[in-house]
Amino acid sequence: MSNVILASVSFSFGSIVMKSTAGFTKVWPSLLLAACFVIGAAFLARAVMSAPVSTAVTVGLGIEAIAALAIGLLLLGERITPVQLMGLAFVVGGVALLRR
């Protein structure tokens, strides 16, 4: 499961960088974004060697969703609505059920 977490961290860091690429018009941020996604894919590929693909990918996406929300709130100054908060609760519950 540690490879899933590392993949999610890499993909989430890439999502922070994504905004600074300006639609892939800035070279260095675009290369950093690509590197984050390639590293994340490598960790995910390692994760599915020892876990079912359906579980590893879904848990990873759940972690990424939570991380994206936290990044938006804490680093990008975004706001969360009650509906989004409820959606987050469903994601956390779903990830917890998949890990059983």
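The model is a predicted one, in which local features need pLDDT of at least 70 and side-chain atom pairs count only at pLDDT 80 or more, while totals for chains, interfaces and linings use all residues. Residues are numbered from 1 along each chain as its sequence is written, and side-chain values use heavy atoms, with hydrogens and water left out.

Helix α1 covers residues 2–18 and helix α3 residues 53–74; they pack at an angle of about 40 degrees, with their axes 9 Å apart. Axes here are lines fitted to C-alpha atoms, for helices over the stretch in contact, and angles run from 0 to 180 degrees between N-to-C directions. The crossing of this pair is right-handed, meaning that the near helix is turned clockwise from the far one by less than a right angle, with anticlockwise giving a left-handed crossing. On the α1 side, the contact (heavy atoms within 4.5 Å) is made by Val4, Ile5, Ser8, Phe11, Ser12, Ser15 and Ile16, and on the α3 side by Ala56, Val59, Gly60, Ile63, Glu64, Ala67 and Ile71. Sorted by class, that gives nine nonpolar, four polar and one charged residues. Ala, Val, Leu, Ile, Met, Phe, Trp, Tyr, Cys and Pro count as nonpolar, Asp, Glu, Lys and Arg as charged, and the others, Gly among them, as polar.

Glycine 60 of α3 deserves a look of its own. Its relative accessibility is 4%, so glycine 60 counts as buried; the cut-offs are under 20% relative accessible area for buried, over 50% for exposed, and partly exposed in between (1.4 Å probe, protein chains only). Not counting residues up to four places away in sequence, glycine 60 touches Val4 and Ser8.

Among the contacting residues are Phe11, Phe13 and Met18 of α1 and Leu33, Phe37 and Phe43 of α2. By class, this contact has 17 nonpolar, five polar and one charged residues.

The loop between α1 and α2 (27–47) holds threonine 21, which is buried because its relative accessible area is 1%. Leaving aside neighbours within four places in sequence, threonine 21 is in contact with Lys26, Pro29, Ser30 and Leu33. Alanine 22 sits in this loop too, with a positive phi near 50 degrees; at 38% relative accessibility it is partly exposed. Phenylalanine 24, also in the loop, has a phi near 60 degrees, again positive in a residue other than glycine. At 58% relative accessibility, phenylalanine 24 counts as exposed.

Stepping back, the protein chain has four helices and zero strands, these being DSSP runs (H or I, at least four residues, for helices; E, at least two, for strands) numbered from the N terminus. Its C-alpha trace spans about 40 × 35 × 15 Å along the principal axes, and 23% of its 100 residues count as buried.
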